[in-house]
Amino acid sequence: MEPASKLDQNHRLSIKELPYIIRWKDHRCKRCGQCTAVCPVRAIEPSVKLRRVVFSEGPLPEPSVVRKIYHVIEQVTDIDRACTGCGACALVCPNDAIEPEYNPSNKFLHYKNKGGEGYKRGGRRNDPYISTLDRLKFTRISMLTDPALDAGRHEFRVRTLLGRILPSDELPLIEKEGKLIIDEENDRFIPPVREIFPIMIGSMSVGALSPPMWEGLAMGVAYLNEVEGLPVVMCTGEGGVPPRLLKSRFLKYMIIQIASGYFGWDEIVHAIPHMVEDPAAIEIKYGQGAKPGDGGLLMAQKVLRLIASIRGVPQFVDLASPPTHQTKYSIEEAVAKMIQSMSMAWGFRVPVYPKISGTKTARSVLNNLARNPYAAALSIDGEDGGTGAAYNVSMDKMGHPIASNIRECYLDLVKQGKQNELPLIAAGGVGKKGNLAANAAALIMLGASAVSIGKYIMQATANCFGDEYNRCNICNTGKCPRGITTQDPKLYRRLDSDKVAERLVEVFKAANIELKKIFAPMGRSTELPIGMSDGLSVDDKAIADRLEISYAC
Amino acid sequence: MCRLSAITSNKYFSPMENILALETMKEGHDGSGLGLTLKDLGGHFEKLKTYPILSGICSKSGAKILDDYMETAGFKLKDIWAPKIRNVKGITQRDHYFARIYDYPASFKHKSLSEKEDLLMNVRISLRKLGESDGSIFVFSFYPDTLTLKEVGDPLQVAEFFSLDCDNLKAKIIFAQGRQNTNYAIYLYACHPFFIQGYCTMTNGENTAFVPIREFLTGRKFPGYIGYNSDSEVFTHILHYTVRQLGFPLTYYKDVITPLKESEIEKRQDSKALKLIKQSLRPLCIDGPNVVIGFIPDGTCFMVHDSKKLRPGVVGGVKGKYALMSEECGLDSAIPKRDKSKDIFPMKYDMVIIKPQAEEVIIWNQLQN
């Protein structure tokens with residue numbers, strides 16, 4: 001006998017459990033099938049229905065009943081095919097007949113653990129609320145005693161330094177005939193320092209990103225440097241660097257990342273003798289703000305031939321970087337030796353710095369680095385950072401907001417008098433609500449020397465669908481409907497690398513102007529206002545106290 | 001905007017010359033204070049040049065504390081000078097305005113100047129701390145051949161209050177500032193000029209980079225880098241740090257507070273050193289708009305601007321007497337008989353340096369070094 005549960009469909013989820021509900025308009029749909037073809041998760045499918053229809057023809061009502069076959073678009077309630085709300089269907093629909101609608105009362109997380117496997121996804125922390133960064137305001141406006149500057153006319157130097165800065169009392173200088181010169185007999189190591197634009201492109205790997213996306217970013221960065229004169233640098237992420245780029249002069253705009261999987265490093269190390277330029281820096285990844293405690297993860301479906309060759313691995317295998325660098329067993333090992341080794345590989349000509357996820361323990365790393373004269377910076381990635389693949393629980397619940405983390409680290413350096421020696425790079429949620437320049441300026445005034453951005457770039461240059469309502473967020477599956485985070489040529493051909501590059505240039509040019517629009521009224525133009533905390537206010541006393549800035553309401 | 005009046009001469013002159021110059025620039029200050037620093041003193045002090053002078057103000061109870069402290073510290077009082085106070089409407093008289101001339105403690109008599117300077121500064125700081133909470137003691141400088149007077153009020157009235165017009169107080173270098181209060185409270189310790197171990201500056205304009213500069217200076221762990229009741233005090237400490245602590249020639253003060261662009265640095269002969277200085281002292285970039293007038297222990301005076309100072313100060317005079325003023329009318333008042341066509345309005349790359357005894361004026365250009 002058929003169990004009752006099957007007969008009454010009790011085993012199925014109702015559509016109300018799902019995070020997005022498809023609104024399909026029967027009367028507008030011409031049944032072209034484009035929506036079902038484009039859906040990356042097969043959340044909708046064509047279906048055939050037999051319906052009883054009452055109709056009447058002629059001048060007088062003479063209703064009659066017929067049974068008719070109907071073709072419809074139906075939403076699937078299988079949890080593995082739940083609509084992600086990406087909206088690709090709405091984008092391709094010629095008649096505005098379909099769109100997903102967010103369902104705030106969904107119970108998605110109750111079910112998204114089939115097979116005993118936790119929910120994995122890409123994207124960002126699903127927290128749509130306004131972040132601390134967006135609550136900070138710039139309230140010290142120069143007025144009559146100190147006229148504000150004109151952002152359009154004054155000369156501005158929106159630049160920062162990446163690299164270890166020598167303490168002023170240890171400069172190897174001697175005076176000769178009223179001029180200071182380098183004391184050649186002093187064997188003090190002078191660390192490499194780069195002057196860069198204070199907004200950097202954070203680490204996103206070849207592999208996590210599709211070829212046109214990565215290529216578009218790299219082209220845009222080269223254009224910004226060589227044509228626009230904006231020294232923007234970009235981090236490669238873990239996973240190697242295309243061989244031609246390694247041997248090109250454009251390598252100087254790249255920060256090469258090494259992480260716990262060391263993917264691609266055999267190829268990078270072997271390319272060193274052939275490099276015509278040093279990279280901008282080396283970033284050692286110890287942690288990522290979006291998924292603290294997790295290593296990198298490139299799912300097998302994204303490991304195609306190109307990626308496999310760059311990374312030096314077989315095709316179609318999961319590439320998991322361990323959560324920590326497995327060969328290291330203490331902070332001194334993990335940090336000091338790694339920095340030393342990387343510095344040595346490039347003859348101490350390249351700044352080497354670690355990146356950690358935002359954490360209450362950031363200051364212990366900081367203090368370790370402050371004592372290490374080879375550490376070039378510390379990058380701290382807050383909880384609002386993004387990732388290509390991680391457990392949902394890591395993304396949503398692990399991590400530390402960047403604002404107070406960067407502030408306490410900066411103030412710790414101030415106490416030691418080393419705030420200018422070890423630059424802090426802030427990341428994680430910069431531009432979360434689109435306020436890129438304002439968030440960057442706020443972090444700089446809290447003490448960051450530079451900021452790193454990732455998600456913002458995906459959105460602004462390639463129209464990433466993702467948002468904090470768990471929209472899309474399927475970067476891990478290789479099915480990115482925009483062609484940003486996929487290695488499938490059928491998908492990434494949707495993305496034009498030239499357009500990505502053009503948008504990147506526009507984004508940075510606009511950010512440069514907006515930074516000036518912030519700094520000009522505050523009377524700052526010559527040096528980046530790092531730690532100019534008297535310029536900031538917030539309308540929350542607790543935040544003001546925590547960040548040691550003023551309260552304004 | 002505060003008004004600045006500095007005069008350097010090879011002959012002793014009265015601070016009234018500075019005050020009258022300030023009076024011509026009156027529309028620019030609001031009477032929220034007058035500060036005077038005199039160096040290379042004449043008159044009463046001419047024969048006491050090697051002895052440190054403690055300048056300040058104290059209450060009756062403060063005087064007792066001060067005496068006890070100085071006695072315990074081993075300083076012997078050699079002489080006291082005090083201005084003759086007149087009643088002037090609007091200025092509240094405090095108990096004691098003083099310049100007390102001391103002899104060093106026996107154990108310090110043969111120590112190096114640097115050690116003596118540290119001793120004097122530490123004593124000044126201790127006295128400041130003793131009297132700061134209740135306002136019983138204000139000490140402005142403690143250094144040989146240097147005297148400081150400060151009081152809240154209109155400069156001309158304060159001069160009358162101190163009877164500077166009929167006193168024999170004279171010096172070869174006198175700095176005076178008529179204060180326009182900006183962001184910070186009207187307070188004696190906020191009044192320019194600021195002095196530390198022979199280095200002195202006064203400033204006008206507002207220092208937008210004040211907080212990061214202050215944090216950098218306090219991070220040097222040098223006991224004298226305290227105070228900061230005015231954002232301008234950092235200019236004095238940057239000068240002290242650059243020249244005394246780091247041992248850089250004076251012109252590098254300009255390179256520290258108004259650093260060149262990378263492309264401009266490349267053209268300098270000392271570009272390698274300059275690059276390192278720019279990086280290591282990045283937080284000391286003042287990012288103005290400011291004009292800074294200062295002197296260093298050997299009596300060299302200077303004026304610098306940053307590029308945003310739209311109305312530059314002016315330097316002019318005759319051999320043997322030069323004035324550094326925030327306004328041209330102040331210069332006309334101080335040294336009317338001069339060749340006005342030779343007045344110098346320093347541009348953004350310039351540092352105007354006047355050698356001791358007002359012998360010559362040098363315009364040092366930051367680009368050409």
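Select H5 and H6 of chain B: H5(B) passes H6(B) in a left-handed crossing (left-handed if the near helix is turned anticlockwise from the far one by less than a right angle, right-handed if clockwise). Helices here are DSSP runs of H or I with at least four residues, strands are runs of E with at least two, and both are numbered from the N terminus. This is a predicted model, in which local features need pLDDT of at least 70, side-chain atom pairs count only at pLDDT 80 or more, and totals for chains, interfaces and linings use all residues. Residues are numbered from 1 along each chain as its sequence is written, while chains are lettered from A and ligands numbered from 1 in the order in which they are written.

H5 covers residues 210–218 and H6 residues 233–245 of chain B; their axes come within 10 Å and cross at roughly 40°. Axes are lines fitted to C-alpha atoms, for helices over the stretch in contact, and angles run from 0 to 180 degrees between N-to-C directions.

B:Phe210, B:Ile213, B:Arg214 and B:Leu217 of H5(B) make the contact with B:Val234, B:His237 and B:Tyr241 of H6(B) (contact: C-beta atoms, placed from the backbone, within 7 Å). By class, the contact of H5(B) with H6(B) has 5 nonpolar, 1 polar and 1 charged residues. Ala, Val, Leu, Ile, Met, Phe, Trp, Tyr, Cys and Pro count as nonpolar, Asp, Glu, Lys and Arg as charged, and the others, Gly among them, as polar.

Next, select the sheet of chain B. Its 6 strands form an open, antiparallel sheet in the order S9-S10-S11-S12-S15-S16. S9 (194–196) and S16 (361–365) stand at the edges with a single partner strand each, so one side of each is left without a neighbour in the sheet. Within the sheet, S10 (residues 199–205) and S11 (residues 290–295) of chain B pair over 6 bridges (two strands pair if DSSP finds at least two bridges between them). B:Gly205 has B:Asn290 in S11(B) as its bridge partner. H6(B) packs on this sheet, touching S9, S10 and S11 of chain B.

Finally, colour by chain. Here 34 residues of chain B are in contact with 38 residues of chain A. H5 and H9 (271–280) of chain B each supply at least two residues of chain B's side, and the largest share, 6 residues, comes from H9(B).

Notes. Two residues are in contact if their C-beta atoms, placed from the backbone, lie within 7 Å.
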